[in-house]
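The structure is shown first.

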Amino acid sequence: MQVKLALPKGQLQGSTAALLKEAGFAIGDYREGSRSYRPRCEVFPGLFTKVFHEKDIAIQVAIGNYDLGICRLDWVEELLAKYHSDAVVKVGDLGYGKRSLYAVAASSSEAKSLEAIRSRSESLRIVSEYPNLAESFALKRRLRRFQIFPAWGAAGVYPPENAELAIVAETSSNRLQEQGLVPVATILESSACLVANRNSLEGKDLSQLLAALCSTDVGDVDVEEAVGVGAEVGAQRSVTGEPVVSLALPDGHQQPHTVDFLNRAGLKIDGYNVGRPTARPRIGLDGVMVKVLRPQDMPLHVANGSFDLAITGRDWLRDHHFRFPSSPVEELLQLGFGKVRIVAVVMQDMPAHDNHLTPCKIIPTWGASEAFLPEDADVLIENTQTGSTIAKHNLKIIDTLFESSACLIGNTEAIGSLDKGEKISHLVEAMRRGVEGHPLS
Amino acid sequence: MKVPRCKGTRDWMPEDMAKFRQIEAEFRNCCLGWGYQEIRTPILEYLHLFTSAGTLSPDMLGRVYSFLDWDGWSGERVVLRPDGTIPAARLYVENFQNLPIAKLFYVENVFAFEGTGEESRERWQCGAELIGGSEGDVELLSLALEAIARLGIDPVEIRLAHAGLLRIFLEGLGLSGEEAEVLEQVFCGNVDALLDVKGRNPELEKQLQLLFGIKGSSPGFVENLRSVCAPSLPALEPSLDELARIASLLTDLGFGYRIDFTSGRGFEYYTGIIFGFYSSGRRLGGGGRYDELIPLVGGGSVCASGFALYVDELMDLVKEVPRRERILVKAKEDEGLRDSLEVARLLRGAGYIAEFDLGYEETSDFRWIVDMRGGEGIELIDQLSGKKWRKSSPAELLRFLEEARCK
């Protein structure tokens, strides 16, 4: 009988590998920093393991693709907060990967307590990678009016200018302070936990693995990620007191290309040029504020007015417009770099002749998506630059949905506004010259 | 491949719809007769209508169907209406605030998630709201009872409680911080939650036992409560006065009732008297006074009360709906079809169901068969007696049927 176990990639990898080894299930090629998606357990051939982003694990166990999974409790609760499913059973706390889920405000904010925040008459903006827990928190605390903005990451960078609250996971309140944040409530204490699919627990013999994992104790060996913020945090304001134009720049793969492009445009930005960017780089223009976000999040935050301009991918803009057709975000410039194709991918040996895909279920993923095929999905919608990663995983492209590259997007209302329009035009013009190769002197 | 219906939903079959329409018709007729006007609020409302009112419990809000609409980029969530009263209050504030009183009713569905998927997550309610009057409780009770009686449901028990009185009691317990969640649970109907704070205030605890342990059935019970509780909690007096007044009125009107403080479930926005209707062990509906709701949704300081009857519960108890008599019409073809259509039209006009024989009908389902395929006249067959008649005209046919119906 095969037992399927979903393992986390990222921060929990080291401790989880140590736990498995200590429990007698050492898995070759699964250790801190390893990149194999299907590591094998030599001592227990009936154990099938696959490596996922932590957030995907609770979902995979809930839908029954995996009997067991290891991820942090916060991701399990995030799933259960919206989908009151009894399909996921929390079997045990594994004791490592401890962190708390905090509701935080900016230290520079005037409202630094929940009571002060609740007393606001305006709608409260809450940003989080945990939108379901954020909504649950708002309802439980009887917040009168609120908007939840989901983020792929970097939620802590939004307050105070772009949100009143962020819901973030952090190992200590000291780490929040380093980021210029102050906790107003602790929502959840979290650590790595073993979760099981209810049907598997009821109908399959998982006892060998359960007994070994639940009785083994390992310390934290995982390395905490460095906090990606600069020394200076808090609201950036115009020296002249004029309205500030806000520009969002991408982190991740797009960053080096964006740095090159901004240099070509003659826009010097401190704290963004080399290595890991700070969350709030400085641009040498008065009345312009810059923050670094996930490019996936930018269209939504430009739409809701948190940012006036952003450099993101056309794929993310298109995805956003598909979801919100009347959104006040428009593409202002094609920037030409970061070209990718959005493709439909299947296994090499799948006899796929057409793309008639009904009925189908859409399963969201937060990374490591190549690993889903063939066991946990039939078709993958993915972006690719050269196709080499796809080929490396024994996959083939059956269709190209569209091509994408970086673009500058803007909020239509801000562009047309009297107080910001001129400054926005100046920035757009500088970037246009960058595209054309004639930077502003 | 069969596509199943969504989990937590139900299909209504023809017999269900017949019952639903009967309940709806009786309720509408009652309300119109009492001078109430029908409204219908949208199935989608902003989530903040319900959160800003601050009146629905987090548990209930946690089960609403909320999502981002196609233009939800601003983060403004919408919900499938989880409650009928709060949208009606919003509608009142938008449209009727200039009137001294608004008497409104609705037949609407409400939605709440239910985990097993075995219960329907969509529920229908017949609701009435009396906004602007401070004396409407007995009128609403009478209206609800009349609607239930018209459906042939008997006996019906009224259970009374008082939200204001309960709140004052619980405040008297001096619950703090986390313990305030107990209050939340009690307001959701879980009276057992009070066990968690047992011993906090021995005197009040004794009174709570009296409050929840004994069911009153007369104004005298209210006076008993007053004599035991009011000396230590004088703030109870106005609530006791109101409860005593309603109890006396109901006694005078000949309505039986029980004063039962454990019956006040789901009364988060109620401020005064609460009533529930029960029959055959089922809760058929409930309502009460909610004087603070209109200000909470942006209106003026206006008193209000209302009730809702639960259609799904009523459907299980309502007697079989009397059906109109069905007549099968065997029609001539071609040039004779026009005569057959005219006879069928006249039969429908006289209140019968006239169905054409398409060759698939089970003739035993019909008492009467009107056969127009022969020569002169109309042949009428009574399948009960096996007799046949030939009628010379549609008018003669109708007269004959009417006489037979009267026998």
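## Basis

Helices here are DSSP runs of H or I with at least four residues, numbered from the N terminus. The model is predicted.

B:I246 lies in helix α10 of chain B, which spans residues 237-253. The residue counts as buried because 23 other C-beta atoms lie within 10 Å, and the cut-off for that class is 20 or more.

Apart from neighbours within four places in sequence, the contacts of B:I246 are B:D137, B:V138, B:L160 and B:I273. Between B:I246 and B:A163 the separation is 83 residues in sequence and 14 Å in space, taken C-alpha to C-alpha.

## Interface between chains A and B

Contact between the two chains involves 18 residues of chain A and 16 residues of chain B. On the chain A side, at least two residues each come from α5 (131-140), β7 (146-150) and α10 (298-303). By residue class, the side of chain A that touches chain B has eight nonpolar, six polar and four charged residues.

## Domains of chain A

Chain A is divided into four parts: domain 1 (3-96 + 191-214), domain 2 (99-189), domain 3 (245-338 + 405-436) and domain 4 (340-403).

The centres of domain 2 and domain 3 of chain A, taken over C-alpha atoms, are 24 Å apart. Domain 2 of chain A gives eight residues to their contact, and domain 3 of chain A gives 12 residues. The domain 2 side of this contact consists of five nonpolar, two polar and one charged.

Terms used
Residues numbered from 1 in each chain as written. Chains lettered and ligands numbered in written order. Predicted model: local features only at pLDDT ≥ 70, side-chain atom pairs only at ≥ 80, totals over all residues. Contact = placed C-beta atoms within 7 Å. Nonpolar A, V, L, I, M, F, W, Y, C, P; charged D, E, K, R; others polar. Buried ≥ 20, exposed ≤ 12 C-beta atoms within 10 Å, placed from the backbone. Domains from an automatic or database assignment.
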